[in-house]
Every structure is written in structure tokens, then in C-alpha cells.
Amino acid sequence: RYLANALVDMYGKCGSLEDALAVYSTIHCPNIFSTTILINVYINHCQIHNARQLFDARPLGGDIVLWNIMIQAYYRDGQMRRGKAIFDKCPHWDVVSWNAMITAYAQTGHVLEAEELFEKMLERDVVSWNAIMQVYAYDGRVHSVRRAFEKMPQWDVVSWTAAVGGHASEGHLEEAVFLFRKMPQRNVVSWNLMLDAHAQEGHVELAKTIFDKMPEHDVVSWTAMLIAFASNGYVQEAWSIFKQSARRD
RNA sequence: AUCCGUUUAUGGGA
């Protein structure tokens with residue numbers, strides 16, 4: 001069953017709802033993990049209705065993860081009111097429930113509500129802080145981003161990247177670079193961000209320098225570099241990036 | 001010792 005669960009998950013993530021369902025149906029006594037995974041698969045295939053049916057049929061006292069998933073499902077589908085209703089009906093909340101709700105508000109532009117929730121939280125984890133930084137960034141409030149970043153008790157690479165991004169997107173490139181240099185570790189996302197931040201400011205050559213320096217490239221790096229060249233009239237260079245990226249596969 | 005599921009960061013497009 002352990003293995004079957006993983007299979008359902010895998011098929012779901014590879015985009016094959018049918019295969020996921022086929023495997024699920026062979027599980028004789030699906031446990032809470034099986035159900036959770038399948039609900040998630042439905043949601044990722046935009047089948048909220050089916051997800052909801054499974055949710056409603058959940059075993060008694062079905063755990064908080066199921067609730068959290070439904071919150072997320074509704075807001076992603078633009079049904080904030082239903083999402084909030086689920087949140088309000090939760091038997092109890094864990095930090096993920098709060099974080100999910102904050103993010104839901106943030107991504108639908110309900111900045112005030114997001115902040116309120118954040119203030120109400122008793123136990124915040126690094127994700128809560130990262131999420132609220134994102135809220136401020138979305139709202140264009142660099143100083144709030146900065147304050148939150150300095151106030152939070154712990155940082156991970158997402159926190160750092162969000163802080164860099166919060167500065168960069170408001171045109172504070174120097175500060176963004178400063179933070180980027182101070183990062184204890186960087187991943188491809190942080191590099192991509194730096195690359196694009198320079199490109200956005202029209203510093204295409206610098207962007208290329210960053211591109212060359214980064215330890216690995218993904219499809220975002222290639223696309224960002226390509227667009228940077230192309231939209232600034234560097235036709236040759238754009239073409240060259242394109243060819244290189246094609247060859248890479 | 002962590003170790004099956006849910007929340008947060010980067011580009012383009014639709």
C-alpha cells in the first residue's frame with residue numbers, strides 16, 4: 001500500500017489521472033495517505049468536485065491535512081469564500097492551515113486579511129514569515145519586507161530569495177544584490193531571480209555574466225536569458241542561447 | 001536520527 005500510494009502520487013504528478021485512479025482502485029483498504037494523495041491528484045487536474053466528494057466521504061476525524069488541501073483547492077480555483085468557509089470549519093488549525101490561508105489571501109490580493117491572520121497566529125514558522133514577506137512584496141512595501149526579514153527568527157533559502165525579490169521588484173537592485181551576496185546558500189531559483197532582476201533593469205550584459213556564473217541552469221534560466229537578449233535587440237545572442245538550450249536536451 | 005500526503009521564493013506564454 002505504501003508503494004501503491006507513491007504510485008498514485010507519481011501518476012498524478014505526471015499528469016495521468018487515469019493511471020492514478022487505476023492504481024488507487026487496486027488498493028484494497030486505502031488509508032488516509034491514499035485518500036489525501038488522490039484528493040490532491042483531483043485538485044491538480046482541476047476536478048474539485050471529485051476532490052470534494054472524497055473529502056466529504058473522509059473517514060471520521062479525517063486529519064487536518066485534508067482540510068488544508070481543500071482550502072488551497074478553493075482559492076486556487078478562485079473560490080475564496082468556500083476556502084475561507086473550510087478554514088472556519090476546521091476542527092482545529094495547524095500552522096499549515098494558517099499559512100495556506102495567508103497565502104490564499106495574498107494571492108487574491110486581500111492584503112489586509114492576510115496581515116490580520118498573520119498577526120493572529122501564535123506559532124509562526126519560517127513559511128509563515130516567508131508568506132507574509134511575499135504579501136508585502138506583492139503590495140510593493142519594501143520596507144515591510146525588510147522589517148519582516150530582519151525580525152524573523154530563522155531563515156531558509158526561500159526567505160532569502162523572497163527578500164532579494166522584494167527589493168528587486170521595486171527597483172532596489174543594489175540592495176537586492178547586497179542581500180544576494182550575503183546569502184548563506186543559493187539555489188537555481190535565487191540565481192534566476194538575480195539574472196532576471198538585472199535583465200529587467202536593462203543590464204543585459206550583467207545578466208549574461210550571472211548566467212555564466214550560475215552553477216546550473218533550468219528552463220527558467222534559459223527562458224529569462226533568451227527573453228532578456230531578445231527584448232533588448234541582441235538578436236545574435238538570443239539565437240545562440242536558443243540553440244544552446246535546445247542542444248542541452 | 002529525518003524519511004508515504006497539504007502551505008512560502010524565480011522567467012515566458014495562454
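**Entry 1: salt bridges.** I began with Glu-119 and Arg-124, whose side chains form a salt bridge with N and O 4.0 Å apart; the term denotes a side-chain nitrogen of Lys or Arg within 4 Å of a carboxyl oxygen of Asp or Glu. Glu-119 is exposed at 51% relative accessible area, whereas Arg-124 is partly exposed at 29%. I used under 20% relative accessible area for buried, over 50% for exposed and the range in between for partly exposed (1.4 Å probe, protein chains only).

I note here that this is a predicted model, in which local features need pLDDT of at least 70 and side-chain atom pairs pLDDT 80 or more, while totals for chains, interfaces and linings use all residues. Residues are numbered from 1 along each chain as its sequence is written, chains are lettered from A and ligands numbered from 1 in the order in which they are written, and side-chain values use heavy atoms, without hydrogens and water.

I then looked up Asp-139 and Arg-141, which meet in a salt bridge at 2.9 Å, N to O. Asp-139 is partly exposed at 36%, and Arg-141 is partly exposed at 27%.

The next pair was Asp-212 and Lys-208, with their closest N and O atoms 3.0 Å apart in a salt bridge. Both belong to helix α14 (residues 204-213) and are 4 residues apart, so about one helical turn separates them. Helices are DSSP runs of H or I of at least four residues, numbered from the N terminus. Lys-208 is partly exposed at 26%. I also found that salt bridges with shared partners join Glu-115, Asp-139 and Arg-141 into one network. The search of the whole structure gave 8 salt bridges.

**Entry 2: RNA strand B.** I counted 33 residues around RNA strand B, the closest being Phe-33, Thr-36, Asn-130, Asn-192 and Thr-223; a residue is near the strand if one of its heavy atoms lies within 4 Å of it. Helices that each supply at least two residues of this surface include α1 (2-13), α9 (126-138) and α15 (219-230). By class, the surface has 16 nonpolar, 14 polar and 3 charged residues.

Which part of the RNA strand B lies within 4 Å of the protein, sugar or phosphate, or bases? Sugar or phosphate accounts for 47% of those atoms, and bases for the rest.

Polar side-chain atoms of Asp-63 and Asn-187 each lie by a base nitrogen of RNA strand B, at 2.9 Å for Asp-63 and 3.0 Å for Asn-187. For Asn-68, a side-chain N or O atom is 2.8 Å from a base oxygen.

Note on methods: A polar contact is a pair of N or O atoms within 3.5 Å; within protein, one must be able to donate a hydrogen and the other to accept it, and residues adjacent in sequence count only if both atoms are side-chain atoms. Ala, Val, Leu, Ile, Met, Phe, Trp, Tyr, Cys and Pro count as nonpolar, Asp, Glu, Lys and Arg as charged, and the others, Gly among them, as polar.
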